Amino acid sequence: MDVIDLNSEHERLYFQCLEDWSEEIKEAGDHKGRWYARMKDRGLRVKLARDENGEIGGMIQYLPIEEYYLQGKDLHFILCIWVHGYKQGRGNFQKRGMGKALLRAAEEDSRALGRKGIAAWGVVLPFFMRASWFKKQGYKPLDRDGIMMLLWKPFSQDAVAPKWVRRKKKPGKTAGKVTVSAFINGWCPAQNLSFERAHRAAEQFGDKVLFQKYDTLDRDVFEEWGISDGLFIDGKEVRTGPPPSFEKIKGLIEQRVRKLK
Ligand SMILES: CC(C)(COP(=O)(O)OP(=O)(O)OC[C@H]1O[C@@H](n2cnc3c(N)ncnc32)[C@H](O)[C@@H]1OP(=O)(O)O)[C@@H](O)C(=O)NCCC(=O)NCCS
C-alpha cells in the first residue's frame, strides 16, 4: 500500500468521495468540482491511499487553516479523512492501515510545508468521523461545539491553538411564504446533496416557498452568519449529517406550506 497525491486521473473519484458506485452521490451536483477548482491554488492538499492492486481505498484532504472557517493561523486543517468502508463498489478497505498511513503522510507534508501544526474535527459520538480516533492518533481535544470536537497536533512550541467560529445568527421567516434557507460551501458532497435536495423540494411548491441560497465560499457571507453548511425551514434547523432524504425535506416544507393562510 502507498499514499499518492491526487492527480487528474482520480479527480472525479475524489469529488465523489470514492463512491463512484453510488447513485445518491450523483445528486450532489457539481459543487465539489467548482470548490476544488478554486481551492487547489489556495493550498488545498489531497492524498489518496492505494492498495497492492492499484485500487484507491482512502483519501485525506486538508488546507491552510486560514482558508477554512476557524480562528487560527500557521496550521493545516483536515477537512476529512475517509477510508472506503462500504461493501459496494470498491469494497471495504478499513482496518488495513490506510487511515493511519494517510494521516501520517498529511502530517509529514504539513511539517515540510512549514506549518506549526495540524488540526482536525471529529464527532464525539461513536459514529462518522470520530474524535476518539484522532485522540488515539495523538491529537488533543481543544474546543467543542455541539457534537463536533476540534482537535490538534502542534509541531512546534509557538503554535497557537485554533478555535471554532460560533454561529452568529439564524435565518428567519418571510411573511406569506415558507422560507427555505440553505448554506453551502461546496467541500462536502454530503452537504451538497442536502442542498440540492432542499432546492428541488422547494421548487415543487412554486411561489409558496422562498428558497434562499447562502454561498459561504464567499468569506463575507460566512463571517456574517457563522454557518458554513446548513439547512433551515422557517428558521428551524434541519440536521444534514447524514443527509435527509428528498421525501423528508419535502414533507417538512409541506407541513409549513399547509399552515400558510
Ligand atoms: C477512521 C478511519 C479513517 C480509520 O481508517 P482505517 O484505515 O480503517 O484505520 P487503520 O487501519 O489505519 O487503523 C488505525 C487505528 O484505528 C483503529 N480503528 C480503525 N477503525 C476503527 C473504528 N471504527 N473504531 C475504533 N478504532 C478503529 C484501528 O484499530 C487502529 O488502531 P491502532 O492504532 O491501535 O492499531 C476510517 O475508519 C474511516 O474512514 N471512518 C469513517 C470516517 C468518516 O466518516 N469520514 C468521512 C467524514 S466527512
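This is a predicted model: local features need pLDDT of at least 70, side-chain atom pairs count only at pLDDT 80 or more; totals for chains, interfaces and linings use all residues.

Student: Which residue does arginine 45 form a salt bridge with?

Tutor: The partner is aspartate 109, and the closest N and O atoms of the pair are 2.8 Å apart. The pair links distant parts of the chain, as arginine 45 is in strand β2 (residues 45-50) while aspartate 109 is in helix α4, 64 residues apart.

Student: Is aspartate 109 buried or exposed?

Tutor: Aspartate 109 is buried, with a relative accessible area of 12%. The cut-off for buried is under 20%.

Student: How many salt bridges are found in the whole structure?

Tutor: The search finds 22 salt bridges. One of them joins the side chains of lysine 73 and aspartate 74, at 3.7 Å from N to O. Lysine 73 is partly exposed, with a relative accessible area of 48%, and aspartate 74 also counts as partly exposed, at 27%.

Student: What about arginine 256, which residue does its side chain meet?

Tutor: Arginine 256 meets aspartate 234 in a salt bridge of 2.9 Å, N to O. Arginine 256 lies in helix α8 (residues 246-258) and aspartate 234 in the loop between β12 (230-233) and β13 (236-238), so this pair ties together parts that are 22 residues apart in sequence. Arginine 256 counts as partly exposed, at 29% relative accessibility, whereas aspartate 234 is buried, at 11%.

Student: Let me turn to backbone geometry. What is the phi of aspartate 234?

Tutor: Aspartate 234 has a positive phi of about 45 degrees, although it is not a glycine. Most residues other than glycine have a negative phi, and most peptide bonds are trans.

Student: Where is there a cis peptide bond, then?

Tutor: A cis peptide bond joins glycine 241 and proline 242, with omega about 0 degrees. Proline 242 lies in the loop between β13 and α8.

Student: I also flagged phenylalanine 128. What is its phi, and where does the residue lie?

Tutor: Phenylalanine 128 has a positive phi of about 60 degrees and is not a glycine. Its place is in the loop between β6 (117-123) and α5 (131-136).

Student: Is that side chain buried or exposed?

Tutor: Phenylalanine 128 is exposed, with a relative accessible area of 64%. The cut-off for exposed is over 50%.

Student: Which surface patch includes phenylalanine 128?

Tutor: Phenylalanine 128 belongs to a nonpolar patch on the surface, which is formed with Leu125, Phe127 and Ile147. Together these residues have about 390 Å² of accessible area.

Student: How far is leucine 125 from arginine 111 in sequence and in space?

Tutor: The two are 14 residues apart in sequence and 30 Å apart in space, C-alpha to C-alpha. Arginine 111 is found in helix α4 (residues 98-112), and this arginine is partly exposed, with a relative accessible area of 47%.

Student: Now helix α6. Why does its end-to-end distance agree with its number of residues?

Tutor: Helix α6 covers residues 189-203, which is 15 residues. At 1.5 Å a residue, counted over one less than the number of residues, the helix should span 21 Å, and because its end C-alpha atoms are 21 Å apart, the two values agree.

Student: Which residues of α6 are buried?

Tutor: The buried residues are Pro189, Gln191, Asn192, Leu193, Ser194, Phe195, Arg197, Ala198, Ala201 and Ala202.

Student: Last topic: into which domains is the chain divided?

Tutor: The chain is divided into domain 1 (2-164) and domain 2 (178-258). Their centres, taken over C-alpha atoms, are separated by 25 Å.

Student: How many residues of each domain are in contact with the other?

Tutor: In domain 1, 21 residues are in contact with 16 residues of domain 2.

Key: Residues are numbered from 1 along each chain as its sequence is written. Side-chain values use heavy atoms; hydrogens and water are left out. Helices (H or I, at least four residues) and strands (E, at least two) are DSSP runs, numbered from the N terminus. Buried means under 20% relative accessible area, exposed over 50%, partly exposed in between (1.4 Å probe, protein chains only). Patches are made of residues with over 30% relative accessible area and no salt bridge: like charges are joined within 9 Å, nonpolar side chains (Val, Leu, Ile, Met, Phe, Trp, Tyr) within 5 Å. Accessible areas come from the Shrake-Rupley method with a 1.4 Å probe; for residues, only the protein chains shown count as cover. A salt bridge is a side-chain nitrogen of Lys or Arg within 4 Å of a carboxyl oxygen of Asp or Glu. Domain bounds come from an automatic or database domain assignment. Contact means heavy atoms within 4.5 Å.
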